[in-house]
Amino acid sequence: MSSVAQKKGFGATLWDWLTTVDHKKIGILYFLGGGFFFVLGGIEAMLIRWQLHIPNNDFVSAGLFNDLITMHGTTMIFLAAMPILFGFMNAIMPLQIGARDVAFPFINSLGFWMFFFGGLFLNISWLFGEVPDAGWTSYASLSLASEGHGVDFYAIGLQIAGGGTLMAGINFLVTIINMRAPGMTYMRMPLFTWTTFVASAMILFAFPPLTVGLFFLTFDRMFGGNFFNHEMGGNTIIWEHIFWIFGHPEVYILILPAFGIFSEIFSIFSRKRLFGYPSMVFATVLIGFLGFMVWAHHMFTVGLGPTANAIFAVATMAIAVPTGVKIFNWLLTMWGGSIVVTTPMLYALGFIPSFVMGGVTGIMQGAAPLDYQLHDTYFIVAHFHYVIVGGVVLAILAATHLYWPKMFGTMLNETLGKVTFWFFFIGFHMTFLIQHWLGFWGMPRRVWTYMDGQGWNLANLISTVGAFLMAIGVIVLVYNAIVTSIKNVKVANDPWGDGRTLEWAIESPPIYYNFSATPLVRGLDSVWIEKMEGNESGLTPAEPIKDIHMPNGSIIPLLMSFGLFIAGFGAMFRTEESWGLPLLIFGLLWTFVSMAARSLQDDTGYYIKKEEILRDLKRKGGQN
Amino acid sequence: MMKGLKKWRLFSLLAVLTVFLAGCGQEELSTLLPAGQVGRDQFNLLLLSSGIMLLVIIVVVAIFLVALVRFRRSKLGEDHIPEQVEGSHKLELVWTIIPILLILLLAVPTVYYTYKLGDVSAMGAVDEDGNAENLVVDVTAKLYWWEFEYPDLGIVTAQELVVPMDEKVYFNLIAADVKHSFWIPAVGGKLDTNVENVNKFYLVFEKDSKDLKDGVFYGKCAELCGPSHALMDFKVKTMPRAEFDRWVTAMQASADNQVVANPEGQALFQQSCIGCHAVSGVGESGAQGPNLATFGDRNRVAGFMDHTKEDLIEWIKYPQEYKPGNKMPDFDGKLSDKELDAIAEYLMGLSVE
């Protein structure tokens, strides 16, 4: 584990990545894994739009179309957006609070591998030809009626991936509570750390309902349970409640880190402190809290009655207030600043109008009687894509450019970055703006085709053209990433020039123990403060350089997750194939044995000697 | 230069106008051209909320653009260090209180309409003689068709809902297999048909469907229900009360007054089809397949195909191909072309109007 750069063989490098517990490497793994699934979900989206570009199209069959919409939604939410955000949280958040790693490096690795194997499990359904087809919401009556193993893949795959998410959330919470550097009080934490904190707390409360719901579904489909079978006294509406008690907070789990990323960007590229920092923090916490109080607005047409609908309508509208506070604080951060339009800033600028539009259409749907018209039409498709693409995906793309140097030590090409932005941004509005009207004109969502003569043809064609513009943008980004990685021009600590938080005061990418000495934090935007006071390094150490305790890598997280992956197939084929039950038992045993090995092994980690740290410092020319 | 700019302006104005005029959709299925009180209430709420939201968008975009133009580093110089403002309580109070007021403005009518549209208390009302005062229709959604029973009138039909104009029509909604959602966009919002409980609501139909392009309003299933969800359309015929009463009388007599356009077709139908499809409008819901008593009066075959004999024969031969996952088996090979032709002719003749 020497820090001196040395050539390693392919096998050794692979082993290093499979066993790593370093938050920066796990961040990259999440980023690459999520990126892969993002492209997969994007291809599914293109097929959907191609099917709908003309009326009565038979490019894909009705059944395959339902597979595509289900997998597009599930993949984008669970396997693309969330893991990529986890990638940034992992790579950046510990640096922002001046920590050497997350609180539980082993669990961090386990969380990643469970996500990875869960996602793999879900997508292997394509090879079996039995793909989830009940929508990403998998409402119970349809998910129970769905033939083949499609929905089984959904239930088990998400169960495994969801377990990983829960672990990651708990890990981030403990990290932020316990591992902040001296002086890093809660009210000095960068906004991205704050939003990570609140999103993690939301994961802690939102994912257990999903776990329970998926177990119910698994039992109903594979083990003769009757939780949702109304003929046996079950109830399908219960699934809808359970799903949305998870599902609505999930939206905020995605959007809050996006808010955090944009808060960093506005501040850095306006060269100005975030306007109204305390109210930004308060708004974040309030949104997190209210996010749990509004799930039934997804169910206005279920027939809950006027009282329930009225309460949830007003609660939903209330969320607009803290969100509005955030928008105006960002505007006022720019006001009076010194704005430079880099690629990340371009995304942040595009985000404001896009997200505001997504937000206001959300309020419109919050008006319950109006939602009776808008629910399950293309209006809602337009709305949630404005929020998730206009908010979360723009944030992910912005952060990809912003943090690329910090994660990989080299910078994405700015010109190509702007080309990506314009293709993506124009394509995005072209795809989704017109869909609001499709909804007004009576087009339901999730339809695999539509008849001619309903006045929907032109709008659908425009929408499809827009989708392909977005695809071009993503292709340019992938090209940019590949070319940049091949050139691999190394950059300094703060390639953007106006970094304000701790991660910009250390190497790009940071050395594996992050900080030679734990930094002392003297205020919000600590690096900016140090630099303004003439400390060019941006850091003041809180302690002398001394030995650092580090965890050992381990292959056990991968093995544990792999056992669950195997057990999933066993559960699915338990009644059909003779090898089903043995495989289920074998997979679970595999996992339990791996867990036992972890418990019985006495792994206390290792120390990096002071001399080695000093040697590293000397090599870096005394820089952090 | 100026001239070019002016032309460009005129062009964009025209473009905006075109979009605006085209923006209302088609009368038979657009929520923007409401054809009844419920749809109009919802449309009013749409106008109010869009107005408020447009105001918000304009304010945000205006501040955004001014800030972006005024505070560019290229203007201020590379070395300019802006003042590090912490915040402003006054401003923050302003943009907390104004949104609260705007939301109150929207919340009050929202709550009012939620209760108004949810009021079905008059549903079971009876007059002195014990007759129902209001028309009630029991809707059952099935894979992938709609059954409409009129419990107080003793009649049942399918795929094409017939209702009187200018009065509240109450609906009991349920699904027979998986969840669907009942939606007539031009008339009012949707309500789900759950599998385990009956949902109730009302709609008011104020436009005569005779004046529409196809003579019917379009109805849709709005909840994903399987492969043929997209094809689970139905149609709605609205008519003045007197005409509706005549239709009801004709339906009630349809068992005895059946028009037989092709006796051979009738015989074949009773051999091959009667197990699932009734041809009398008298009865209750719960049939295997759609009631065909009014088949000749309908607008579509299977809810979405052209109403021609050729399409009907195609449908009977290959229903699984046209509507994958529905419950009707393919009759291709089971009936000869001649037999199919006779059945189709018989069905096209079934009429009560």
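How much of residues 50–71 of chain B is helix, how much is strand, and how far apart are the end C-alpha atoms? Select that stretch to begin. This is a predicted model, and in it residues 50–71 of chain B are 95% helix and 0% strand, with 31 Å between the end C-alpha atoms. An unreviewed UniProt entry gives the feature "transmembrane region" for residues 50–71 and also for 92–115 of chain B.

**Helix α2 of chain B**

Now select residues 37–70 of chain B, which form helix α2. At 1.5 Å a residue, its 34 residues should span 50 Å; the end C-alpha atoms are 49 Å apart, which agrees. Show the side chains of the buried residues in α2(B): V38(B), G39(B), D41(B), Q42(B), L45(B), L46(B), S49(B), M53(B), V56(B), V60(B) and A67(B).

What covers these buried residues comes from both chains. On the chain A side, the cover includes α11 (320–334), α12 (343–366) and α13 (368–374). From chain B, it includes α4 (89–117), β7 (188–193) and β8 (199–204).

**The contact between the chains**

Colour the two chains separately and select the residues in contact. Chain A puts 73 residues into the contact and chain B 76 residues. On the side of chain A that touches chain B, α11(A) gives the most, with nine residues. Sorted by class, that side of chain A has 45 nonpolar, 23 polar and five charged residues.

Is W441(A) buried or exposed? W441(A) counts as buried because it has 25 C-beta neighbours inside 10 Å, where the cut-off for a buried residue is 20 or more. Leaving out residues up to four places away in sequence, W441(A) touches G455(A) and W456(A) in chain A, and G25(B), Q26(B), L29(B) and S30(B) in chain B. Draw a distance from W441(A) to G455(A): the two lie 14 residues apart along the chain, and their C-alpha atoms are separated by 7.8 Å.

**Chain A as a whole**

Chain A has 20 helices and two strands. Its radius of gyration is 24 Å, close to the 25 Å that the globule rule gives for 624 residues, so chain A is as compact as a globular protein of that length. Along the principal axes, its C-alpha atoms fill a box of roughly 70 × 60 × 45 Å. Of its 624 residues, 61% count as buried. Among contacts in chain A with a separation of 6 or more, 83% join residues 24 or more positions apart.

Next select residues 9–522 of chain A. An unreviewed UniProt entry annotates them as "domain: Cytochrome oxidase subunit I profile".

Colour chain A by confidence. The average pLDDT is 95, and 99% of the residues score at least 70. Over residues 1–5 of chain A the pLDDT is below 50, and this stretch has four contacts in the model beyond near neighbours in sequence. Where pLDDT is low, the predicted coordinates should not be read in detail.

**Chain B as a whole**

The C-alpha trace spans about 95 × 55 × 40 Å along the principal axes. Buried residues make up 41% of chain B, and 69% of its contacts with a separation of 6 or more are between residues 24 or more positions apart.

**The last stop**

Select residues 260–351 of chain B, which an unreviewed UniProt entry labels "domain: Cytochrome c". This range is 39% helix and 4% strand, and its end C-alpha atoms are 10 Å apart. Zoom in on helix α7 (residues 309–317), whose buried residues are L312(B), I313(B), E314(B) and I316(B). Their cover includes β11 (300–301) and α9 (337–349) of chain B.

How values were computed:
Residues are numbered from 1 along each chain as its sequence is written. Chains are lettered from A and ligands numbered from 1 in the order in which they are written. This is a predicted model: local features need pLDDT of at least 70, side-chain atom pairs count only at pLDDT 80 or more; totals for chains, interfaces and linings use all residues. The radius of gyration is taken over C-alpha atoms; the globule rule is 2.2 Å times the number of residues to the power 0.38. A residue is buried if 20 or more other C-beta atoms lie within 10 Å of its own, exposed if 12 or fewer, and partly exposed in between; C-beta atoms are placed from the backbone. Two residues are in contact if their C-beta atoms, placed from the backbone, lie within 7 Å. UniProt positions are given in the numbering used here, feature names are shortened, and annotations may be inferred rather than shown by experiment. pLDDT is the predictor's confidence in each residue, from 0 to 100. The expected span of a helix is 1.5 Å times one less than its number of residues. Ala, Val, Leu, Ile, Met, Phe, Trp, Tyr, Cys and Pro count as nonpolar, Asp, Glu, Lys and Arg as charged, and the others, Gly among them, as polar.
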